[in-house]
Amino acid sequence: MRRAKIQPNRNKLDMTDEAQVRVVTKRLKMSPAELAEMVGRIGNSITAINKEVTQQRAAKLAAPAGAVIASVTVTETKAEVIMPDDTPPAS
């Protein structure tokens, strides 16, 4: 009698399987310690881990804190710089 081979759950990360951990850390470009911390925080769903890494990287690429976004308008006889209200003008 043949027994069905138990198939691993493909959308869950098994932190005890070194091969799985190595593949996921290489694909997401993170250390095993960072992965273990993330799994402890959000769970072992590979989809959730990928989504969290994507959100963290997008947040890092956003404008850095303290950046001033200014608009500059130049005409032939007059130049005008419009700064946001909450920042002091540059000297």
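Reader: What volume does the largest pocket have, and what makes it a pocket rather than a cavity?

Author: In this predicted model, the largest pocket comes to about 170 Å³. A cavity is a set of points where the probe fits but cannot get out, whereas a pocket is an open set, so the word "pocket" says that this one is open.

Reader: Which residues line the largest pocket, and how many of them are charged?

Author: The lining is Lys-29, Met-30, Glu-34, Glu-37, Met-38, Arg-41, Val-53, Gln-56, Arg-57 and Lys-60. By class that gives 6 charged, 3 nonpolar and 1 polar. Both α2 (32–42) and α3 (46–61) put in at least two residues each.

Reader: What makes the largest nonpolar core a core, and which residues are in it?

Author: Its members have to be buried and joined through side-chain atoms within 4.5 Å. The 11 residues here are Leu-13, Val-21, Val-24, Leu-28, Met-30, Leu-35, Met-38, Val-39, Ile-46, Ile-49 and Val-53. Elements giving two or more of them are α1 (18–28), α2 and α3. Take Leu-35: among its contacts beyond four places in sequence are Leu-13, Val-21, Val-24, Met-30 and Ile-49.

Reader: How do you know that the buried residues of α1 are on the same side?

Author: The buried ones are Val-21, Val-24, Thr-25 and Leu-28. They cover an arc of only 95 degrees around the axis, so they sit on the same side of α1. In general, an α-helix has 3.6 residues a turn, so residues three or four places apart point the same way. Their cover includes α2 and α3.

Reader: And which residues are exposed on the other side of α1?

Author: Arg-22, Val-23 and Lys-26. Being called exposed means over 50% relative accessible area.

Technical notes: Residues are numbered from 1 along each chain as its sequence is written. This is a predicted model: local features need pLDDT of at least 70, side-chain atom pairs count only at pLDDT 80 or more; totals for chains, interfaces and linings use all residues. Side-chain values use heavy atoms; hydrogens and water are left out. On a 1 Å grid over the protein atoms alone, a cavity is a set of points where a 1.4 Å probe fits but cannot get out, and a pocket is an open set with protein on both sides within 12 Å along at least five of seven lines; lining residues have an atom within 4 Å of a point. Grid points are joined across faces, edges and corners, and a volume is the space filled by probe spheres set on the points. Helices (H or I, at least four residues) and strands (E, at least two) are DSSP runs, numbered from the N terminus. Ala, Val, Leu, Ile, Met, Phe, Trp, Tyr, Cys and Pro count as nonpolar, Asp, Glu, Lys and Arg as charged, and the others, Gly among them, as polar. Buried means under 20% relative accessible area, exposed over 50%, partly exposed in between (1.4 Å probe, protein chains only). Contact means heavy atoms within 4.5 Å. The arc is that of the directions from the helix axis to the C-beta atoms.
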